[in-house]
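Here is a short tour of one protein model, written for someone meeting it for the first time. Have a look at the structure, then read on.

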Amino acid sequence: MRELNLDRLRTLVTIAEQGSFVAAARALHLAPPTVSLHINELEERLGVELLLRKRKKAEPTGVGAALIARAQRLLNQSDAMLQDIQMHAQGKIGRVRVSAATPVIAYLLPMALRRLSEKHPGVEVELAVLNSREAMDRLAKGLLDIAAVALPQSQMAEVQVRPWRKDPVVALVPAHWSSPDKATAAWLAARPLILNDDSTQLARIINEWFAADGLRPQAKIRVNYNDSAKSLVGAGYGATLLSYETLHPQIDERIKILFLDPPLWRPMGIAHRSGPQEIAVQHVLDELNRIR
């Protein structure tokens, strides 16, 4: 069975509102024969008379009135849907799916999201906590729009990755420890360490930093949550290494921050699906660019 055409239903509703075929034709910017054709097609399709034609007037039959009431609701929904889609296309509203590690969400994204809400209040951001590997996989499958990822990343045709920011990695040690002005690999390796497990990019670059001095220290505690690591340092269990952007707001007085010698940097990138971006997605990318 063929579906009813929305244009034909709109013609029927307009005739009922205007009271005649001629008036409906003017309102719809159609030729009168086209209006008549629309109604004839509807009546033939349904096998029932929908309008009583009188001199210069048209009134709905009982069946016609029932169809008009339902058609009006359907047309209202259709108009609302089209308006909503147009606003999405114009970037006035939208939902952008963003992923990042917990520290980025906690310490870097709030400033970008605040500016986004001020400039584009109709754009919502849906946040997910994912590691870089999971984020890249979801981007490739179209299940994610933007991700903050650790660099480097393998090239993927479906995903574009560009450098975003580079933050220094620092050592956090108990404040009561006697310590040098800067922490060397040898000095840290001789102390109890609280480190990420080896599945993280941060652990990889830290291991490489120690390996450059021929060292491979074993962690006393493995934990991937920065706040947990900082709490353990504050309690005196050992030292940890974290990227500097994770240290805001100010950590407690039981912890001392030491820069590393030689310096170690944690590079990060912004990944998004390849090709043209929806305007709402571009709004979010623009705000992320501002916090380099």
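Val-48 counts as partly exposed because its relative accessibility is 28%; buried means under 20% relative accessible area, exposed means over 50%, and partly exposed lies in between (1.4 Å probe, protein chains only). You'll find Val-48 in the loop between helix 3 (32–46) and strand 1 (51–54). Helices (H or I, at least four residues) and strands (E, at least two) are DSSP runs, numbered from the N terminus.

What does Val-48 touch, leaving aside residues up to four places away in sequence? The answer is Glu-43 and Val-63, where contact means heavy atoms within 4.5 Å. Val-63 is 15 residues from Val-48 along the chain, and their C-alpha atoms are 7.8 Å apart.

## A quick note on the model

This is a predicted model, with residues numbered from 1 along each chain as its sequence is written. Local features need pLDDT of at least 70 and side-chain atom pairs count only at pLDDT 80 or more, while totals for chains, interfaces and linings use all residues; side-chain values use heavy atoms, with hydrogens and water left out.

## The hairpin

Strand 1 pairs with strand 2 (residues 57–60) in the antiparallel sense, over four bridges; two strands pair if DSSP finds at least two bridges between them. Leu-52 sits opposite Glu-59 of strand 2. The hairpin has two residues between its strands, and Lys-56 takes a positive phi near 60 degrees there.

## Two nonpolar cores

A nonpolar core is a set of buried Ala, Val, Leu, Ile, Met, Phe, Trp, Tyr and Cys residues joined through side-chain atoms within 4.5 Å. The largest one has 29 residues, and Leu-188, Trp-209, Leu-241 and Leu-260 touch the most other members. Among the elements that each supply at least two residues of this core are strand 6 (159–174), helix 9 (201–211) and strand 11 (255–260).

A second, separate core has 21 residues, including Ala-100, Val-104, Ala-280 and Val-284. Back with Leu-241: its contacts beyond four places in sequence include Val-169, Ile-194, Leu-202 and Trp-209.

## The whole protein

All told, the protein has eleven helices and twelve strands. Its C-alpha atoms fill a box of roughly 105 × 35 × 30 Å, taken along the principal axes. Of its 292 residues, 41% count as buried. As for contacts with a separation of 6 or more, 73% come from residues 24 or more positions apart.
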